[in-house]
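Biologist: I would like to learn how to read a structure. Please take me through one, feature by feature.

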Amino acid sequence: MRAQTISRTTTPHGDLWAPVEESLADEELAAGLRDGQEACLEAAYHRWGTLVHTLAYRSLGDAREAEDVTQQVFLAVWRGRDGYDPARGALAGWIVGITRRKIADALRARTRRSDLASAAEAQLSLAPTTADDAPQRTLDRVVVSHELAQLPATQRRVLELAFFSDLTHTQIAQVTGWPLGTVKSHSKRGLHRLRLRLVGTDLG
């Protein structure tokens with residue numbers, strides 16, 4: 001293997017992978033990676049990290065999610081290095097393939113969070129459910145319950161009565177003694193905050 005030039009670099013996530021070997025050809029880098037040389041993972045990140053982040057950001061439109069995907073990609077590169085076959089394509093193409101899968105995972109997770117928010121909204125409308133919905137509804141309740149605990153007490157109380165006790169706004173007003181308008185206001189604000197939490201938006 002040729003002489004190696006060693007330098008240090010700071011990645012977008014801090015000084016995670018340094019030093020970086022900049023002189024390696026892609027084929028040498030791939031061989032070293034398969035042999036478990038951590039320096040070659042450093043070099044791979046240095047060489048393709050920006051590409052991975054750019055692909056993730058273009059698909060997700062969120063810098064934080066793109067950074068998370070970038071980290072996940074290079075962790076997957078390291079853990080799955082034994083599965084890389086140079087006969088099937090270049091290392092860069094393999095990494096891009098992993099990137100696309102991780103982006104798809106992130107998009108599915110985003111959809112799932114949105115579905116949970118929709119489930120909470122549907123519950124306030126007392127949408128009918130069937131026996132087949134029971135397992136999924138149980139899971140939804142566990143997740144939503146965790147997020148409800150983060151809301152202000154009055155908003156949490158209204159949404160808990162609606163989501164877990166199947167009460168209408170009028171019934172909630174009767175149970176709590178609050179005016180109907182107050183119940184509706186707490187419900188609207190609480191549901192808005194709950195949706196923001198479930199879809200991963202920073203509330204500030």
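**Reading helices and cores**

Modeller: Arg195 is partly exposed, with a relative accessible area of 25%. Buried means under 20% relative accessible area, exposed means over 50%, and partly exposed is in between (1.4 Å probe, protein chains only). Arg195 lies in helix H8 (residues 180-198). Helices are DSSP runs (H or I, at least four residues), numbered from the N terminus.

Biologist: What should I know about the model itself?

Modeller: This is a predicted model: local features need pLDDT of at least 70, side-chain atom pairs count only at pLDDT 80 or more, and totals for chains, interfaces and linings use all residues. Residues are numbered from 1 along each chain as its sequence is written, and side-chain values use heavy atoms, with hydrogens and water left out.

Biologist: By what distance are the C-alpha atoms of Arg195 and Glu147 separated?

Modeller: They are separated by 9.5 Å. Along the chain, Arg195 and Glu147 are 48 residues apart.

Biologist: Is Gln155 buried or exposed?

Modeller: Gln155 is buried, with a relative accessible area of 8%. Its place is in helix H6. Contact means heavy atoms within 4.5 Å. Leaving aside neighbours within four places in sequence, Gln155 touches His186, Arg189, Gly190 and Arg193.

Biologist: How are two packed helices described?

Modeller: By the angle between their axes and the distance between the axes. Axes are lines fitted to C-alpha atoms, for helices over the stretch in contact, and angles run from 0 to 180 degrees between N-to-C directions. Take H6 (residues 153-165) and H7 (residues 169-176): their axes come within 10 Å and cross at roughly 125 degrees. H6 and H7 are therefore oblique to each other. Angles under 35 degrees count as roughly parallel, over 145 as roughly antiparallel, 65 to 115 as roughly perpendicular, and the rest as oblique.

Biologist: Which residues make the contact?

Modeller: H6 brings Arg157, Val158, Leu161 and Ala162, while H7 brings Ile172, Val175 and Thr176.

Biologist: What is a nonpolar core?

Modeller: A set of buried Ala, Val, Leu, Ile, Met, Phe, Trp, Tyr and Cys residues joined through side-chain atoms within 4.5 Å. The largest one here has 28 residues. Leu29, Val73, Phe74, Val77, Leu91 and Ile95 have the most contacts inside it.

Biologist: Which helix gives the most to this core?

Modeller: H2, with 10 residues. A second, separate core has seven residues, including Leu161, Ile172, Ala173 and Val183.

Note on methods
Helices (H or I, at least four residues) and strands (E, at least two) are DSSP runs, numbered from the N terminus.
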